[in-house]
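Trainee: I have a new model open. Please show me how to read it, feature by feature.

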Amino acid sequence: MMAAQLNTENKRVHSASGDELVSRKPVLLMRYRGFTRCNHWLTALCMFALLLSGFAFFHPSLFWLTNLFGGGQLTRWIHPWIGVVLVISFLGMFLQMWRLNLLRREDIEWGKKIGDVIQGKEGNLPEVGKYNIGQKLVFWAMSLLILLLVITGIMIWEEHFSGLVSIPVQRIAVVAHALAALGCFFVVLAHVYAAIWTRGTIRAMTRGTVTGGWAFRHHRKWLRELARRDVGREPGGK
Ligand code: HEM
């Protein structure tokens, strides 16, 4: 019975005699090296700590969040310093990534077909490079909001810049700071949702690599460029 089953499975119906599996190893592509991944996770850690400590000052009902940072006084002291680390860390990411996040013609075409993206009809979309328009908009929104947070944050950092601007200007800065933080919250939410929703993406920031299939589906121009660069190289070689 078993032998008969194996026999039918071995019969060629859909393939030619020379067709065979050559390699069982999937094609893997390096998307983020260790330095960039550390840079990303430090930025993410700072952003979460800032949102949590910032929300603690947002409304009295959220003041309990200060317990995470050792109490009210300590939270107030540490919040701007975490901001300083975030700015330096994000600047590191910005310098590595801004060029590849510039908008290109195909991004607009891709954006117009957002319905196909949601329905998973990738075949209808134009090929894009390392980032699609959604990722690019997130990148620029984060950059602008973080810039706004730093500028307004310095204006209201009483401990070191108390006389920098007048009290009425400080009041406006406080509101702008809170609105920018709220904006950041929603942009980060969208970013994390997209990273989870697009299967196979998270590993880009954990292991650093993505599969060839993922790249073919989502970032074909990027894949083609890497493949062209790879011609004549030994796998994994320099
Ligand atoms: C739990 C939180 C987070 C997760 C799971 C996450 C996950 C990821 C993943 C998987 C990628 C790679 C996407 C790709 O290359 O296609 C990525 C890229 C990136 N992430 Fe995050 N991230 C998080 C938080 C943050 C935060 C808080 C920030 C900034 C404040 C941030 C900024 C970025 C940037 C700038 C990129 C590069 C993509 C681009 O330039 O558009 N991430 N993230």
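Mentor: Start with helix length. The expected span of a helix is 1.5 Å times one less than its number of residues. Bear in mind that this model is predicted.

Trainee: How many residues has α8, and what span does it reach?

Mentor: α8 has 31 residues. From first C-alpha to last, α8 reaches 45 Å, close to the expected 45 Å.

Trainee: Now the ligand. Which residues come nearest?

Mentor: Ala44, Met47, Gln135, Phe139 and Met205 do, of the 22 residues around the ligand. Next, sort that shell by residue class. It has 14 nonpolar, six polar and two charged residues.

Trainee: Which helices each supply at least two residues of the shell?

Mentor: α2, α3, α6, α8 and α9 do. α6 gives the most, with five residues.

Trainee: And the whole fold? How many helices and strands are there?

Mentor: Eleven helices and two strands. In order from the N terminus they run α-β-α-α-α-α-α-α-α-α-β-α-α.

Trainee: Why is the protein described as more spread out than a compact globule?

Mentor: Compare its radius of gyration with the globule rule. The radius is 24 Å, well over the 18 Å the rule gives for 238 residues, so the protein is more spread out than a compact globule. Its C-alpha trace spans about 85 × 45 × 40 Å along the principal axes. Buried residues make up 19% of the 238.

Key:
Residues numbered from 1 in each chain as written. Predicted model: local features only at pLDDT ≥ 70, side-chain atom pairs only at ≥ 80, totals over all residues. Near = placed C-beta within 6 Å. Helix = DSSP H or I, 4+ residues; strand = E, 2+ residues; numbered from the N terminus. Nonpolar A, V, L, I, M, F, W, Y, C, P; charged D, E, K, R; others polar. Rg over C-alpha atoms; globule rule 2.2 N^0.38 Å. Buried ≥ 20, exposed ≤ 12 C-beta atoms within 10 Å, placed from the backbone.
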